[in-house]
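Me: I've got a model open and want to go through it with you. Can we start with the pockets?

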Amino acid sequence: MAERQPALRSQSYHADKLRGHAVRMSYARDVEIETKELAVLKSKLGGVPVKIYFLDNSSKTFVCDRNTTFKSLSVDILRKLGDDNAEGNARLFGIFQSHNGVMGVAGAPDQSVADMVISYGDTNLHSEAKKLVFMIRLFTPMLQSMDTPQMVHLRYIQAVYDVIINEHTSDPEEVLQLAAIQFVIKFGSAGDHGDREPGFLGNRIVEFIPACLMSQKRKEQWETAIFQRCFTHRGKSALDLKREYMRIVQHDTIYGCTVFNCKQYIFDEMPEGVRVSICHQGLYVWSTGPFKREPWKEFHLHDIFRWGYRQDDQFYIEVNPPLPGGSLVPFQCEYGKHVANLLQDYAMAIVEEQDLEDEAAEKEKEKEQGVDIELTVE
């Protein structure tokens with residue numbers, strides 16, 4: 001049985017891009033509203049207006065009192081999106097803090113949403129420098145099997161974010177395939193709106209091509225290459241195209257991973273600076289620079305029997321079978337607490353999903369036995 005660290009109730013998504021995020025933000029439930037505009041809005045609406053963004057830049061506004069937690073709001077968001085199992089699926093999602101476009105940590109499940117928005121003050125009502133973004137937090141097998149239009153869309157927009165912003169793929173041909181699908185979903189195929197010429201996208205080309213590849217071609221060359229691949233998607237629905245996008249990106253090992261910049265000193269064949277990613281499979285170690293198809297090292301979750309962190313600047317795993325140097329595998333990382341926490345959350349989620357699968361299999365078995373009994377009686 002794995003010895004697990006207590007859950008710390010906070011998550012990170014490429015969190016090492018945000019300075020100082022390691023301090024868990026906490027707002028007392030009895031914080032007094034000191035901002036005039038928020039006080040007026042609270043009085044008129046009966047709560048604090050909370051604008052939730054999605055990765056396609058759409059948004060929905062909810063009125064939250066101080067008893068509204070990030071967990072309960074996640075349930076409300078999924079219900080508003082039409083998810084029939086919002087209560088059960090909310091554990092896979094989080095509401096992340098974004099500061100000037102840089103994604104940080106998710107709010108703790110039992111944390112007051114209103115208190116956090118109040119802490120932003122009146123200024124943020126106008127500048128929106130700080131935003132709350134609804135995103136997938138745990139890419140479990142159950143999440144990846146969800147095929148409703150709502151879940152496909154949420155998975156699709158996060159996949160686009162990972163490809164373009166987090167540069168999870170650096171294969172030019174794969175990027176062009178994905179860009180063509182994304183283009184048709186957004187604008188329709190060329191046959192729908194007439195022939196398009198290079199320059200149609202202009203500076204928006206950065207929404208389709210990762211920055212790490214942009215210098216390989218001129219903007220108009222990228223556009224031409226995208227347009228040439230759009231014709232193969234004529235007649236396909238947006239939902240089918242989103243599924244096709246997902247089929248392509250799911251082949252990449254980095255898909256669904258949360259990545260941290262780290263240092264290691266135990267593998268002689270690796271440089272000191274590495275990236276560590278966490279997913280439902282376990283822990284992967286990558287080189288810096290563009291992601292390759294496969295990581296340098298893989299530690300599957302079933303081989304990790306203990307994990308933890310020390311003073312938030314180091315995390316470690318212990319593996320079985322042990323490595324030549326022993327079972328302890330430490331990494332220097334400014335956000336070690338978040339790595340250990342994420343491993344904890346994945347381990348618990350996998351156990352929960354296995355229990356659900358076993359329960360469903362048992363019910364199916366009982367159902368089949370009931371049919372057999374009825375046939376025998378007849």
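Reply: Helices (H or I, at least four residues) and strands (E, at least two) are DSSP runs, numbered from the N terminus. For pockets, picture a 1 Å grid over the protein atoms alone: a pocket is an open set of points where a 1.4 Å probe fits, with protein on both sides within 12 Å along at least five of seven lines, and lining residues have an atom within 4 Å of a point. This is a predicted model, so local features need pLDDT of at least 70 and side-chain atom pairs count only at pLDDT 80 or more, while totals for chains, interfaces and linings use all residues. Residues are numbered from 1 along each chain as its sequence is written, and side-chain values use heavy atoms, with hydrogens and water left out.

Me: Which element gives the most to the lining of the largest pocket?

Reply: That's α6, with six residues. The elements giving two or more residues to the lining of the largest pocket are listed here:
- β6 (130–136)
- α6 (149–164)
- α7 (172–187)

Me: And what volume does the largest pocket have?

Reply: About 750 Å³, where grid points are joined across faces, edges and corners and the volume is the space filled by probe spheres set on the points. The lining has 24 residues, and Phe-54, Leu-55, Asp-56, Asn-57 and Tyr-161 lie nearest the centre.

Me: How does the lining divide into nonpolar, polar and charged?

Reply: 13 nonpolar, six polar and five charged. Nonpolar here is Ala, Val, Leu, Ile, Met, Phe, Trp, Tyr, Cys and Pro, charged is Asp, Glu, Lys and Arg, and the others, Gly among them, are polar.

Me: Back to Asn-57: where does it lie?

Reply: In the loop between β2 (48–53) and β3 (59–64).

Me: Is Asn-57 buried or exposed?

Reply: Asn-57 counts as exposed, because its relative accessibility is 57%. The cut-offs: buried is under 20% relative accessible area, exposed over 50%, partly exposed in between (1.4 Å probe, protein chains only). Glu-167 also has a positive phi, near 55°. Glu-167 is in the loop between α6 and α7 and counts as partly exposed at 26% relative accessibility.

Me: New topic. How many aromatic pairs does the structure hold?

Reply: 14. Rings of Phe, Tyr and Trp (its six-membered ring) pair if their centres lie within 6.5 Å; planes under 30 degrees apart are stacked, over 60 edge-to-face, and the rest tilted. Take Phe-183 and Phe-208: their centres are 6.0 Å apart and their planes at 50°, so that pair is tilted. Phe-183 lies in helix α7 and Phe-208 in the loop between α8 (190–193) and α9 (211–214), so the pair ties together parts 25 residues apart in sequence.

Me: Are Phe-183 and Phe-208 buried or exposed?

Reply: Phe-183 is buried at 1%, and Phe-208 is buried at 1% too.

Me: Which charged end sits over the ring of Tyr-53?

Reply: That of Lys-131, 4.4 Å from the ring centre. The rule wants NZ of Lys or CZ of Arg within 6 Å of the ring centre and within 35 degrees of the ring normal. The charged end of Arg-275 sits over the ring of Phe-291, 3.8 Å from its centre.

Me: Last one: what joins Asn-320 and Pro-321?

Reply: A cis peptide bond, with omega about 10°. Pro-321 is in strand β12 (residues 314–323).
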